[in-house]
Amino acid sequence: MECSTVRLLLPYRRPGGPSELAPEDIAALDQHLAGCPACSAIVAQSARFDAAIATTMRTVSVPGNLKARLLTAAMAQQGAIWRRAATKGFAAAATVLVSFVIGFGVFWLLRPPFPSEKVADQFTEEIETPEPVVKTWLSEQGLPPTLPLEFDYRYHQFHGKSSIDGKDVPVIIFQVWSPNQERIDTARVYIVSSNRFNLAKIKEAQNSFASVQVFQDEKNGVAYVILYTTPTLDTFLKRFSIH
Amino acid sequence: MASAGPVVSDLIQAHSDSLYRYAYRLTGSSADAEDLTQEAFVKALVRLPQLREPDRAKGWLFRILRNVYLHRIRDEKRHKTVPLESVNELPGTTALEPTIDSATLQEALNELDETFRTPLILFYFEEFSYRDIAEQMDLPIGTVMSRLARAKAYLRTRLASHVDSAEPVAE
């Protein structure tokens, strides 16, 4: 390595400081300096200068309680930051709350009135013409509108859903007041779909209080399970209705 | 699991002394140095989430402090500084005794423009490489080395006339 090259590399040579040269360059530099008094003298003088400046540069007395004052100032700033964040958080929460209150208020004011007249009309229709109402309802359920027997709809009391084993099953209830027996006889027609229950295993049954008859409609995939409290279903049918 | 980053109290414990010394050499005043250091840590607290490499916290803090300093002096009336174009840039031309008075050094630093003063101060804190200084000042390494060479040459000339055989005096 020539002296001219060494003099160019000298600024990058920082013994004791961060390495600015590749190891092989440092090795080549040191090898040259070991055999070149002129370059060595320059390096030595520069090193003395740098060492003197560095020592004095760092010789600054730090105030004894500087750290404490800095920590106090930092904690005060941290508190201010937290307070600002809390204020923003409260403002955001307040905005959500106000929005909810306004939204709920609008909902409250816009609630529809109870359709008393409409309900009264529906009730009247059910009372006066129950059969078409029930047929329409059955159709809306996706079920055949006609029952397997000719029930007398003057005895219609209710049509809707009943929960059987956790499943909603359409049911139509007929009731007859029997003055001679001094009791109300009931016939319940459960309309069971094949997609809900295994229709092949539905059995007829009887106990001391009620009887069960089953009518299968394989074409429509439904079965009619009729529960009744009279000796026969004839009581509830049109041909044999009792007025 | 990633470890939690440093908290500002950790940074104060680890770096407040060197940051203060840097601030002192920048300003030449202990009062200004403390103000500057405090403001730097306050800004660091706000920007702590931006510190992605905790190992480089010192350089990050030095950069914050310098920016705070530059904002302060921007609006202040600049004192007269020595134009370094006229300074002999050849190093090693003037012999220098190994002891330098701290106050004398500060006088010489105060006469330098901040663009020359800063790389000089950072260089002599030794832990900063040319690359670190370049990153802090947003300058190419070559510019940093050029300014450093001029600043060191100025110091040699300036301090040669204030040879003091006594040990460096701490303030």
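Predicted model: local features only at pLDDT ≥ 70, side-chain atom pairs only at ≥ 80, totals over all residues.
Chain B is built from helices: it has seven of them and zero strands. Read from the N terminus, its elements run α-α-α-α-α-α-α. The chain has 171 residues, and 35% of them are buried.

One helix of chain B shows what being covered looks like. Of the eleven residues of α5(B), nine are buried, so this helix is mostly covered. The buried residues are F116(B), R117(B), T118(B), P119(B), L120(B), I121(B), L122(B), F123(B) and Y124(B). What covers them? The cover includes α1, α3 (57–74), α4, α6 and α7 of chain B, together with α3 (37–58) of chain A. Both chains therefore take part in covering the buried residues of α5(B).

In general, two packed helices are described by the angle between their axes and the distance between the axes. For α6(B) and α7(B), the angle is about 105° and the axes are 9 Å apart. Angles of 65 to 115 degrees count as roughly perpendicular, and α6(B) is therefore roughly perpendicular to α7(B). From α6(B), the contact is made by Y130(B), R131(B), I133(B), A134(B) and M137(B), and from α7(B) by I141(B), V144(B) and M145(B). Sorted by class, this contact of α6(B) with α7(B) has seven nonpolar residues, no polar residues and one charged residue.

The loop between α6 (130–137) and α7 of chain B holds D138(B). Most residues other than glycine have a negative phi. The phi of D138(B) is near 55°, a positive value in a residue other than glycine. Is D138(B) buried or exposed? It has 8 C-beta neighbours inside 10 Å, and therefore counts as exposed.

Next comes the contact between the chains. Chain B gives 37 residues to this contact and chain A gives 29 residues. On the chain B side, α1 (8–27), α2 (30–47), α4 (102–110), α5 (114–124) and α7 (141–160) each supply at least two residues. Which helix supplies the largest share of the side of chain B that touches chain A? That is α1(B), with ten residues. By class, the side of chain B that touches chain A has 21 nonpolar, nine polar and seven charged residues.

Helix α1(B) meets helix α4 (residues 66–109) of chain A. The axes of α4(A) and α1(B) come within 10 Å and cross at roughly 135°. These two helices are therefore oblique to each other, and their crossing is right-handed. On the side of α4(A), the residues in contact are L66(A), K67(A), L70(A), L71(A) and A74(A); on the side of α1(B), they are V8(B), S9(B), I12(B), Q13(B), S16(B) and Y20(B). By class, the contact of α4(A) with α1(B) has seven nonpolar, three polar and one charged residues.

In soluble globular proteins, nonpolar side chains tend to be buried together. The largest nonpolar core in this model has 48 residues, of which A23(B), F41(B), L61(B) and L65(B) touch the most other members. The helix that gives the most to this core is α1(B), with eight residues. F41(B) has contacts in both chains: leaving out residues up to four places away in sequence, F41(B) touches L70(A), A74(A), V8(B), L11(B) and I12(B). A second, separate core has 20 residues, including F151(A), A187(A), V225(A) and F236(A).

I202(A) touches V225(A), V214(A) and A223(A), not counting residues up to four places away in sequence. The place of I202(A) is in the loop between β3 (183–193) and β4 (205–206) of chain A. With 17 C-beta neighbours inside 10 Å, I202(A) counts as partly exposed. Its C-alpha atom is separated by 9.8 Å from that of V192(A), which is ten residues apart from I202(A) along the chain.

Another loop of chain A, between β1 (156–164) and β2 (167–178), contains D165(A). The phi of D165(A) is near 55°, again a positive value in a residue other than glycine. D165(A) has 7 C-beta neighbours inside 10 Å, and so counts as exposed.

Note on methods:
Residues numbered from 1 in each chain as written. Chains lettered and ligands numbered in written order. Contact = placed C-beta atoms within 7 Å. Helix = DSSP H or I, 4+ residues; strand = E, 2+ residues; numbered from the N terminus. Nonpolar A, V, L, I, M, F, W, Y, C, P; charged D, E, K, R; others polar. Axes fitted to C-alpha atoms, helices over the stretch in contact; angles between N-to-C directions. Parallel < 35°, antiparallel > 145°, perpendicular 65-115°, else oblique. Left-handed = near helix turned anticlockwise from the far one by under 90°. Buried ≥ 20, exposed ≤ 12 C-beta atoms within 10 Å, placed from the backbone. Core = buried A, V, L, I, M, F, W, Y, C linked by C-beta atoms within 7 Å.
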